[in-house]
Structure formats: structure tokens, C-alpha cells
Amino acid sequence: MDTARFAEDLNTVPDYLEELAPMLERGYPGLAQLPKANRLLVLAMGSSAYAAATVARQARADGLNVQVELASTALLPAPAPDLLVIAVSATGSSVEVLAAAQRYQGAGRLVAVTNNADSGLAAMADFVLPLNVGEEVSGISCRNFRHSVLVMAALLESFGASFGELGETARLAAAGNRELLASAGDWLPQASDVLLGPDGVFLLAPAERRSSAEQGSLMLREVPRRPAFGSETGDWSHVDVYLSKTLDYRALMFAGSAWDQQALDWMAPRGAAIVAVGGSFPEAKMSVKYQGQEHWLTAVLVETMVPELLAWDWYSKDPRHSWSSRV
């Protein structure tokens, strides 16, 4: 890991999304070779699991039988002729994914979704779908997260899910990310001041985009090594509301949940400092908006740029850069 190069990876997010767009439009490489299946099982960890769970939720709403499991679980279904197993690991070397995939090796129904065609996971699999991310020089998953969302969406569409025009979504996401990068000087200093507190940051996102809270909080933990906690907006009132009464509460809210106001009604009277993303609330101290925010899948691919840039801002101002050379 070379955290000091994180900004380099962030600045290339739009270009890589634009390069991915025509691949999604032509028919993504490797999809045509996949066998038919009545059931899909996705195995992943970390950012890959966040990405897979987000698109799988839409696929289930479309009637697809798809299950996403952390590869670390011991409770997995047995191999079966109607089951296709999709193991997702950007590096192809996640030990939990490799261990879980071994259960399905040799059955002719194991798919690797990876950025490393020479990895142990790719060698184990019967089919390989490339993420086409290039090298993330920081070793931190920002482009990989976004590409995992789109490649998994393309895979699930090939089995009957519907995500709209994925190539156009990739282009809209490229434009939205480029806009946030270009305008960071206008919103980042204030957002940083509002959200930097002694007790960490609390990120809330709608269930449909829960990955934004999960991935965003991961970036704030991984890059500047600060406390950050992700919640689904409706569930927040059942699991995190308690801390808003006792801590110096700083919240980053990804707008769009039917339960936004319920959370705000708890936070605002308790003096929480709130930054809104993709919408605005009277209770928020500021809001960050971008083109394409009204489309849920575009939002998934863009709005994490806000906590990613916050993470970089806090890291770059911290003198303890020895973090960059170790986990």
C-alpha cells in the first residue's frame, strides 16, 4: 500500500469509467461464455462485497435468484448443476475468497471477477471476467469498487436483471466524478471542517445505495485512519441514533431515502453537524451536489468521491505519513 499516491488513483476515476463504457455497450467480455443457471452465488469481501450487494439487491427486485455472501462464512450451499458461483476479488488473492472458491472448483461453474488474470483465483476458475481497472498505484480500492459495481451489473443483466444503459451510466458517472474533482476547492474545505471531529464520522445512505456508506466509511478508516461508521438511513434510527446524544456527532448523509427526515429529526435537535450529498436539507450545514445524482446507479458510482476526497484531505494534512508503507 502506498497511501501517498491515493490522489493519483482518484484523479483517474473518470477516464477509466469512460474507457469501460464501450465495453459495456458492446457486450462485456466473457459474459457470452457463462453457462445458464437458476441460482447465482456471489462470494466477496470488503469493497467487492459492498459493490456486489448493491447490484444484487436490484437484481432480486427484478426476480433473479442471487445471493451475496462474505467469503469468510462457513455456511455456503453445496455445488449443484443449477448453481453458478461468482467469486469477486480485484487482486485475485483475497485468502477468504480463494478458500471459499475451492469448495466449487472443478464443477465447471465457477466464475472469477478480478483485475488480475494471472492470479490464483483466475487459475482456479472456469470463467474469468476482467475488471479492466489498470493498476491502482496506491493499493486502495477506488476504481476497483466502481468497476466491480458495473461489471457485476452487466453479469446480472445477462441473467435477466435490468439496470438500464450501463454504458451511458458509466459515462454519466465519469462526468459526475470529474465534476466533484474539479469543484473540490469550492466544497471540500468546508466539508472537512464540518466533519472533522474527535469522535469520528457517521455515514448514512439509502438501502438501495448502502454501499456508499460502507465504502465511504472504509476510505476514511483506510486512508487517514480515522473512526468512521456506515449505516443504512432507515436502520440508523434503530442502531446508531443512541450515539448522536452522547458524542460530538458529525454525519455525512447521502440523500434519497424515504427515511431521511426521520434521522434528521433525531440528529438536528441534538446539535449534530451534517453534510448532505446528492440533495439538501435545511438541517444540514452544507450540501454537495453533482450531475446525475437523481439516477441511483450513477449516484452509487459518484457519491463515494466525497468521502474519498475527505479521506485524502485529512491524510495529506496529517504528519504521520509512515502509515503509507504498512497496513
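This is a predicted model: local features need pLDDT of at least 70, side-chain atom pairs count only at pLDDT 80 or more; totals for chains, interfaces and linings use all residues.
Colleague: Turning to the largest pocket, which helix gives the largest share of its lining?
Modeller: The largest pocket has about 580 Å³ of space, and 23 residues line it. Two helices, α3 (46-61) and α9 (210-222), each supply at least two residues of that lining. The largest share is 3 residues, and the helix they come from is α3.

Colleague: Which residues lie nearest the centre of the largest pocket, and how many of its lining residues are polar?
Modeller: Nearest the centre are T91, G139, I140, S141 and E222. The lining as a whole includes 7 nonpolar and 4 charged residues. The number of polar residues in the lining is 12.

Colleague: Why is the chain said to be as compact as a globular protein of its length?
Modeller: The chain has 14 helices and 10 strands. For 327 residues the globule rule gives 20 Å, and the chain comes close to that, so it is as compact as a globular protein of that length. Along the principal axes, its C-alpha atoms fill a box of roughly 55 × 40 × 35 Å. The radius of gyration behind the comparison is 19 Å.

Colleague: What percentage of the contacts between residues at least 6 apart in sequence join residues at least 24 apart?
Modeller: A contact means heavy atoms within 4.5 Å. Taking the contacts in the chain between residues at least 6 apart, the part that joins residues at least 24 apart is 74%.

Colleague: Is H147 buried or exposed?
Modeller: H147 sits in helix α6, which covers residues 143-157. Beyond its neighbours within four places in sequence, H147 is in contact with Y16, L17, L20, L131, N132 and V133. Buried means under 20% relative accessible area. H147 has a relative accessibility of 1%, so it counts as buried.

Technical notes:
Residues are numbered from 1 along each chain as its sequence is written. Side-chain values use heavy atoms; hydrogens and water are left out. On a 1 Å grid over the protein atoms alone, a cavity is a set of points where a 1.4 Å probe fits but cannot get out, and a pocket is an open set with protein on both sides within 12 Å along at least five of seven lines; lining residues have an atom within 4 Å of a point. Grid points are joined across faces, edges and corners, and a volume is the space filled by probe spheres set on the points. Helices (H or I, at least four residues) and strands (E, at least two) are DSSP runs, numbered from the N terminus. Ala, Val, Leu, Ile, Met, Phe, Trp, Tyr, Cys and Pro count as nonpolar, Asp, Glu, Lys and Arg as charged, and the others, Gly among them, as polar. The radius of gyration is taken over C-alpha atoms; the globule rule is 2.2 Å times the number of residues to the power 0.38. Buried means under 20% relative accessible area, exposed over 50%, partly exposed in between (1.4 Å probe, protein chains only).
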